[in-house]
Each structure stands twice: as structure tokens, then as C-alpha cells.
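Thanks for sending this one over. Below are my notes, written as numbered points so that you can check them against the model as you go.

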Amino acid sequence: MGYEILGLPLIYYITMVAKTVAVFVFVLLTVAYATWAERKLIGHMQVRIGPKRVGPYGLLQPIADGLKLFFKEEIVPAQASRFAFLIAPLVALVPAFISFAVIPFGDTVTIAGYQVPLQIASVYDGTSMRVLDINVGVLYILAMASVGVYGIVLAGWASNSKYSLLGGLRSSAQMISYELAAGLAIILVFMSSETLSLHKIVAEQAGLFGWNIFRNPFMFAGGIIFFICSLAEINRTPFDLPEAETELVSGFCTEYSSMKYAMFFMAEYANMVTVCAVTTTLFLGGWHGPFPPVVNFVAKVYGLIFVCMWIRATYPRYRYDQLMRLGWKVFLPATLLLICGNAVWLLVFP
Amino acid sequence: MALNDRAVQELKEKFAPAVLEVKEFRGETTVTIRKESVVEVCRHLKGLGYNLLTDVTAVDYMGRDPRFMVVYNLYSIPAKERLRIKAPVTEADCTIASMTILWNAANWLEREVWDLMGIGFTGHPDLRRILMTDDWVGHPLRKDYPLQGPDREPYKGRLS
Amino acid sequence: MATTETMTVNMGPQHPSTHGVLRLVIELDGEIIRKITPHIGYLHRGVEKISEHRTYHQTIPLTDRLDYLAPMSNNLGYVLAVEKLLGIEVPERAQTIRVIMAELTRIKSHLVWIACHALDIGAMTVFLYAFREREKIMDIYEKISGARMTSNYFRVGGLSKEPYAGFERDVQEIIDTFPGHFDTYEGLLTENTIWKQRTIGNGVISAEDAVDYGITGPALRGSGVDWDLRRDNPYSGYENYAFQVPTGTNCDTYDRYKVRMVELRESVKIVKQALDALKPGPILADDPQVCYPPKESVYNTIEGLIHHFKIASEGFPVPEGEVYQGIEAPKGELGYYLVSDGGTKPYRMRIRPPSFVNLGAIEKMAKGAMIADLVAVIGTLDIVLGEIDR
């Protein structure tokens, strides 16, 4: 066949780079325009106009914001732990982006005679006619989400500011608590799909009633719980306690300025995109739908992002202990019960 | 004015030596009493139904003796009547018993009187300055305190 | 062996939810508040001291700047106190317009309260909705007095000028549209699970404690004390209007929220009744010693000019005596204690600010709670630092 490097065809490398770049650009643009969309959407919900000065409909606002933050003065508080203070934004940002490596945004497509799966970390095996991706993709996502917490905790600790510390502590407690419930909700998906490979999970969800969320009532409740827990994990309203502006000024990023602040900001929105993508993959049938696969996937992700913003315009904020109670006393037992219920369901209707 | 009449009557009977003056002006009753018995009088009035301590303040009658007048505005929520108790305080012994044992509302109000008028309240749990900074010298609402602050020309005012 | 110690956090004077320049030094045990030490006075301008050096009319603009969210209520309390001291009667039309403006002021102040209270708890949308409506009242303020906030509209003996043409139409529009807007806020908050979780059981203060701490206004009614100065010691003709005085039962932030929401609607009802009762007539008392002459005579006759000059420069003598006038301001009982020595300036003016006394109970209400609760308590007390610090 063609030219090979290390036993793999050249097209493998080309498509890999192309996929990585395309996904990275897509996520970056989505993150940038999610900020614009959020301001515009919430603006209209709150009888305001939102950004409109920079470019038509304020479309260049994210770029202007980025430039502004880029040229702002870098401030490191004198009493801060310098290394941890500088590394924290990176620790928060990188996991948010690399989670995307395992998310399938389409089925395989044929390019120049090669089957190319639309998922970064995967390869098409011609002999077995199967897409080989990371067979523990879900665990990888959970792991990355957990690593992201360290960025926030580090930021809170390294800033040597009381508000930051409180914000960092809140966030670590919150993320750990909600990861449990979210992880248990994912078990529902495993039970139905009997695989950990994200590609296979999506491939099984063909047709509207094939979507995991519509499989049975337990999956439906589990999907909703998973999405709510994800909101809590990424610190979105009504769970935005780590940076609760009216209580902790800005929480963990109180002392951050310039690009370091921008990185936290990007991490927050990148996390939102990731979480919406994961929810789509696990529960909403991934690329399946009436349109071309990638369009279906993107539309579902954007729909969920809209829901996130809508919730933000509607709900007040939880209190710390109420949040914990919700996580440990409501969602955790609820997901456990759902797992039992789902098990029975699967036995009765195999 | 039923409760006010009754209160004045009882004060005159039970605290006869303490009551200095009873005055009616524009439908408001003011009872001036000796400062030594102010807590006793107010305790009695609280029992009569004057349950709300609306205000504690002081007036500086510079040039008169006694110079200060501490003013308590009491209100009875059940009877919806207001009664004013005043107690003269001399400049030499510029203290009066604190009302915090009867009403917690007196805490901040008395701190303010101490801060701005310089009248001490004995038995107050936390007598610090409240509006001015902790290291402020002088008591601004006293009549001999210049309007524009210490070490400044006295205010002449415009057109007056 | 590890030891634990509390963390002292300095909240304010610059902090998003201390409503101005309130500074609270809080001792935290984790998220639990062990001690609160409020520090106030950052906005102290010495209004009481300045007023001793100004004529009675010159003091009215100073009162605008006390509770700057409810300037006309402050004006009203002050002019009522001076009128009481003078013993003059205010014409009916002026009284009615005062009631309309005072109630619009109450709505305006409560709108800022619901806006900031909701924002503190995280409900951002209500904030902008309430400010949109507040702007309508600000427009009336600007048209009637020339200023959006520092109105200086009332005068001793009446009003500074006739309301503009179209005033009644503007007020009618508010009567027609505002109840619907209040429904919108309530739709977003009243039955909202998170809102209820955050406010029910928060900042509880029993009726006895509330009276003990001198709390007045909606905060006291939220604790179940049925007391409203407008009804119980009516002034400016409030006895002519029918309105409900709402009270709470659970003494918590949610009940205070509901009390204020009912008050908003009751205020609209009072405005409606007052507007119906509004009749043409004089807007100043017939007392040339005290009241300014009409502008036409000031501009066109020498007698009028001299008359105006005398009152503006010299003021008017006020009989010797002392009065206390309390009014039901949006935040509680606003009292003016005026002492006159017979001259043209107040000998002593004492302002009894509702926010100051209400804030005194903050440690009682928020001790042992969490930081998030403290923010809710600050919101529910509805404090304004301009009034606290004077």
C-alpha cells in the first residue's frame, strides 16, 4: 500500500494531525464564542442587548477581550507561592482540552480509500473491521476531570489570599462529591452498552429511541442526574460556589490577572463544552440524528450549552452545605437506586 | 394618650424625687428625670408596655449647666404611643448608666452618642467609637467642636 | 498534635455584597461564622453637625443623601418634623402628592432591595428586571424634581413646585404595569426551590429579639410584629388610605421577602387611591413667614423678590421646643428629632436611621451561619450605608 512509518500508513499520521487541529480549533472557537453567546443570550433574557460595539452584533468581542487580557499586567502577589501560582492555570486548562481526545464526533469516514474514525484517539483496524479507540475512554474523561480540580485547588492555595483559599476548598469538596454521583450515573450506561469504549457506546445508540436517555426510565433519570452533576463539577450556576462573586469576591481567581485569569476563564468554558460533549456522547446518541454525523453532534452540544446558559439566567446559587447535602444525600443514593432499577430492567427486558 | 398619661402619673408617684420636669409640646410628652434613676425609670416603663427603644441621642446645651441632655425615645408597640425621657448630664461627670441591660438596641446607639458627643455609658459592654476612626480626637457633635474639623477656621457660612 | 484556629476574614469595605462601604471583620471556622465585628463610618459626612449651621430649608438637600435609594422619604420625615415644630398645616393637595411620591419611593427602594438581594443569592435576572422598573420611577423623579436621586422636592409647608403636566398619566402607567412586573419577580423567586432553600430558616430573629434590637420596618414585620407607622401613627394623610400591613410568621429571610413583596403591591394600591383623591389646590401652606412666594411674583414684583430673598438667606424662625417625627421609611422607622432654640437654624437635628439600628442585629442574625447566609442577611436587612454613616 503506501508509505509507512513505524508500521502505520502515512495517511494515519495526516488524519491524526488534521483531526487534532480541527478539534482544537473547534473547541477554542466554541469557547471563545460561548462567552459571546452567553453574554448575548443572558443579555436578551435579562432585557439587555449584550455586547454590540466590537464588530457586527459584537462578534469580535471575544477577540477584543482576549487581546485586552493578553496585554494586561501580570501580577503575582508578593506572598504567593510563585511556582504553584504560575502552574495552576495550566493545570486547570490542559485537562479541559485533552478530554476531547476520546470523544467521537462522528462515525468512520472514507478518505482516499482509508477508513478514518472521527475521534482523535482511535484507529481503524482493517482486518477486524473495527474502530480501535481507547477502550477505557470514559475512565479517561473522569480522570481528566479530576486533574482539573488540582488547578483550582492550587490556585486557591498558592494565591495566599483568604477568599482564594475558601474558593479552592469549596471547589475541591464540590468536585469530589459530585464526581461520585456522576461516575455512578455513567455505570448505567455501561450496564446497557457493556463497554467502556466511547465509540461503541455511541455506535449502539442509533435511532431516536436508541439514545441511552430514552432506553428506560432509569436511564432517563440517570442522564438528568449526570448532567446536573456535571454542572456542579464544572462550577456552573447554580453550583458556582468556588467563585461565588457576591460571597468570595472571585473565589480562587481573586488574585489572578491577565492571561492567567484568561486561562481559568477558558478552562471554565472548555469544561462546559467538554461536559456537554460527554453528556451528548453518553446519553444523547452522539452523532446520530437527522443531519450529517458531525452536525448532529455539534448541534446537540450547542443545545446543551444553551441549557447551561439558560440555567444560569434562572437560578440562584446553592449554599455550601446544601450543595453537599444534594450531592451526598440525594444524588448518590438516587443513582445507586437507579443502578439497581436498571439492573432489574435489563434482566426483565434483555 | 392614655398610656402616656398613665406612665407620667406612675412616674410622678413612684419616682417622685427623680422626676424633674414633665412637658407637653405638640402632642409629645417629655419627662426629664435625674440621671441616677434613668435605668430604673426605663425598666418600669418597659414593664408598662414601652417595649421599643427607638432612639438614644444627646443634645449639647453649651453654656448651661448641666451641659448635656441624654434623650431616650421610647415607643409602645401595643399602645402605639411615644414617650421621651431625658436625663441631664454634667460636663464634669460626663457619664450615665447604660441602657444595654434593658435593650440591645441601646448598644450601637450609645456607642454613637459616646463617639459624637463624648458621653460615657457605664456598664456598656463594648464602648468603642462607631462612626469616627478609633484614633479620632474629640467628639464632633459637641458645640465647641469646629464644623470644619479641628485646627481649622470656624465656619462663617454663606449669607448667614 | 495539630491545633486549629479560626480564620479572620475582612469583608469589605470593598466587597460586592456589602451594599456600599460596610466592613465586616468575620471570624470563620471553616465556613461557619463565629464572630462578626461590623465597622461603619466610611461614609460619615456629619449631616447632623452640618445641619446645625444651615437654615431649615438648606437642610433638606442634606437629607436626600441619607438613604440615597429613598430620597423623598427622607425629605418627608424632615419636613414633617419641621412642620410639627412650626405647627403649620399642609394643604391637602401637597399632602396627597407627598403620599404618592413617598409610596413611589418605597417601591423604588424595595426594587433595589429585591434586585440586590436576589443578586447576592445568585439570581442575576431579577436584578436587571427590577432596575428596569426602577428606571420608570426615576423618570418621574427627574421630571418632577429635576434630579434622579437627590430630589429635594418637598418644602417646609408643601412642595417646591406643581407636578409637571402628565404626572398623573405617568403615575397611572405605573399603577397599571407594576403589579405585572411584581408577578414576574415572584415567578422567578417565590416558588424557586433554591431560593426557598437559601432563605427559609436564614437569619431568624424572633419577635421579642427583633423588638429588643430595635429593628423596625419590613424586617420587624417579617418577625410577625404587626406594626406600621403609616397605619398606627398616620402622618401626611395616610389615615385616608386603605392598605394591608403584611406580617410574617417564621421570622426568616423568606418571610421578610414575602412581606416586602406584599408591601410593593400595597404601595401601588396606596398610590392608586392617592391619585384618585388628587384634587387641584394650593401646594404650599398659607404662611408667608415660612413658605416661599410663587415664582411669578419673585420674578415680576419687588415685594416677591424681597420675600424670597429673606426666606432663602435668613430662613425662618422656628418656635423653641423639641419634636420627634417618625415615619415609615422603606427600611424602617426613620425619625427626626429636632431641637429648636427659636432661631432660624436647628439647634440639634438627630436622625434616627432605620438601617443603623437594623444593622446592629447582624451578629445576632448571622452568627453560627455560613458566609453565604451572611450575604443573605445583609441583603434582607436592606441597609444603605449613606443612612448608617450619615
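**Notes on chains A, B and C**

1. Strand β6 (residues 321-329) of chain C pairs with β7(C) in the antiparallel sense, over nine bridges, and the two form a hairpin with two residues between them. Pairing here requires at least two bridges found by DSSP. Helices (H or I, at least four residues) and strands (E, at least two) are DSSP runs, numbered from the N terminus.

2. A word on conventions. This is a predicted model, in which local features need pLDDT of at least 70 and side-chain atom pairs count only at pLDDT 80 or more, while totals for chains, interfaces and linings use all residues. Residues are numbered from 1 along each chain as its sequence is written, and chains are lettered from A and ligands numbered from 1 in the order in which they are written.

3. How many residues of β7 (residues 332-340) of chain C are buried? Nine of its nine residues are, so to speak, under cover: the strand is mostly covered. Buried means that 20 or more other C-beta atoms, placed from the backbone, lie within 10 Å of the residue's own. β7(C) also pairs with strand β8 (residues 348-352) of chain C, again antiparallel, over five bridges; in β8(C), C:I351 is the bridge partner of C:Y336.

4. Chain C also holds an open, antiparallel sheet of three strands in the order β1-β2-β3. β1 (7-11) and β3 (32-39) of chain C stand at the edges with a single partner strand each, so one side of each has no neighbour in the sheet. Strand β2 (residues 23-29) of chain C pairs with β3(C) over seven bridges, and C:I26 stands opposite C:I36 in β3(C). On average, neighbouring strands of this sheet are turned by 20 degrees against each other, direction ignored.

5. On to chain A, which has eleven helices and six strands. Its radius of gyration is 21 Å, close to the 20 Å that the globule rule gives for 350 residues, so chain A is as compact as a globular protein of that length. The radius is taken over C-alpha atoms, and the rule is 2.2 Å times the number of residues to the power 0.38. Buried residues make up 47% of chain A.

6. Please look at the helix pair in chain A. The axes of α2 (residues 61-71) and α9 (residues 258-283) of chain A come within 6 Å and cross at roughly 140 degrees. A:G66, A:L69 and A:F70 of α2(A) meet A:S258, A:M259, A:Y261 and A:A262 of α9(A), where contact means C-beta atoms, placed from the backbone, within 7 Å.

7. Lastly, the interface between chains B and C takes 31 residues from chain B and 36 residues from chain C. On the side of chain B that touches chain C, the elements giving two or more residues are β3 (52-60), β4 (68-76), β5 (81-89) and α3 (106-117) of chain B. β3(B) gives the most, with six residues.

Conventions: Buried ≥ 20, exposed ≤ 12 C-beta atoms within 10 Å, placed from the backbone. Contact = placed C-beta atoms within 7 Å. Axes fitted to C-alpha atoms, helices over the stretch in contact; angles between N-to-C directions.
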